[in-house]
Amino acid sequence: MKLLKERILKDGVVKAGGVLKVDSFLNHQIDVSLYREIGKEFRRRFDGLGINKILTIEASGIGIACVTAEAFGDCPVVFAKKAESKNLDGELYTTKVTSFTKGREYNVIVSKKFIGEGDKVLIIDDFLANGCALIGLMELVEQSGAELMGAGIVIEKGFQRGGEIIRQKGIKLESLAIVESMDEENGVVFRN
Ligand code: 5GP
């Protein structure tokens with residue numbers, strides 16, 4: 001997605017440890033018109049699949065999932081919550097995810113009320129790095145008996161393993177910008 005790549009080159013900041021900061025437009029301050037274009041692009045890439053529910057994870061995925069839902073004609077968005085293990089009960093789908101940016105493990109939950117058999121689910125998230133967040137969301141979909149129609153990612157870091165793992169599973173994975181390499185000296189280089 002050209003508009004997104006141009007914005008990453010203009011305003012993205014490469015940090016030590018393989019972290020790309022895009023907090024001036026994507027996941028802290030939000031450029032809503034860019035979000036809207038992202039939503040339309042996901043609609044274009046996943047059109048005609050009968051998607052009736054969008055699943056994401058708090059917090060950064062929520063806004064992107066909402067504009068995407070609007071582009072799909074207002075299908076509901078469900079966001080997985082990060083939870084303390086003491087809150088968990090039988091009414092929830094649960095799994096564990098290791099955070100790339102925070103380097104610790106946490107539980108993610110979704111209420112059984114909101115996803116189930118017969119649903120056709122699209123997963124949306126801001127970043128794909130090692131794939132832990134996405135694999136966790138896929139596990140929740142599997143527990144629910146719903147059908148996973150694909151995953152839409154705004155920025156995939158192609159030099160980490162997540163994309164390869166997910167594609168090997170045969171999942172339709174669409175990343176709007178794939179970073180091939182990045183460093184503080186040369187900046188960001190995209191995969192063609
Ligand atoms: P994964 O689980 O694929 O290793 O990492 C995905 C999650 O980590 C995303 O939901 C995102 O919040 C965060 N993340 C991973 N890499 C980056 C990065 O380079 N920059 C930012 N801002 N977040 C990242």
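Buried means under 20% relative accessible area, exposed means over 50%, and partly exposed lies in between, with a 1.4 Å probe and protein chains only. The model shown is predicted, so that local features need pLDDT of at least 70 and side-chain atom pairs count only at pLDDT 80 or more, while totals for chains, interfaces and linings use all residues. Residues are numbered from 1 along each chain as its sequence is written, and side-chain values use heavy atoms, with hydrogens and water left out.

**View 1. Strand 7 and its parallel neighbours.** Helices (H or I, at least four residues) and strands (E, at least two) are DSSP runs, numbered from the N terminus. Eight of the nine residues of strand 7 are buried, so this strand is largely enclosed by the rest of the structure. Strand 7 pairs with strand 3 in the parallel sense over three bridges, where two strands count as paired if DSSP finds at least two bridges between them; here L55 stands opposite I123 in strand 7. Strand 7 also pairs with strand 8 in the parallel sense, over eight bridges, and V121 stands opposite L148 in strand 8. From strand 7 the chain passes through helix 4 to strand 8 in a right-handed β-α-β crossover, a term that applies if, with the strands pointing away from the viewer, the path from the first strand over the helix to the second runs clockwise.

View 2. Strand 3 (residues 53-57) and strand 4 (residues 77-83) run parallel and are joined by four bridges, with F79 in strand 4 as the bridge partner of T56. The chain gets from strand 3 to strand 4 through helix 3, and this β-α-β crossover is right-handed. With strand 6 (residues 105-111), strand 4 pairs in the antiparallel sense over three bridges, and the bridge partner of K82 in strand 6 is V108.

**View 3. The buried face of helix 2.** Helix 2 (residues 32-45) has 14 residues and reaches 20 Å from its first C-alpha to its last, close to the 20 Å expected at 1.5 Å a residue, the expected span being 1.5 Å times one less than the number of residues. L34, Y35, I38, G39, E41 and F42 are buried in helix 2. Seen down the helix axis, the buried residues fall within an arc of 165 degrees, so they line one face of helix 2; the arc is that of the directions from the helix axis to the C-beta atoms. These buried residues pack against helix 1 (2-11), helix 3 (60-71), strand 7 (120-128), strand 8 (147-157) and strand 9 (173-183), contact meaning heavy atoms within 4.5 Å.

**View 4. Helix 4 and the residue that follows.** The 13 residues of helix 4 (residues 132-144) should span 18 Å at 1.5 Å a residue, and the end C-alpha atoms are 19 Å apart, which agrees. Among the buried residues of helix 4 are L134, L137, L140 and V141, whereas C132 is partly exposed, with a relative accessible area of 33%. G145 follows helix 4 and has a positive phi, near 80 degrees.

**View 5. The surroundings of K172.** K172 lies in the loop between helix 5 (162-168) and strand 9, and counts as partly exposed at 32% relative accessibility. Not counting residues up to four places away in sequence, K172 touches R45, F46, L49, M149, G150 and A151.
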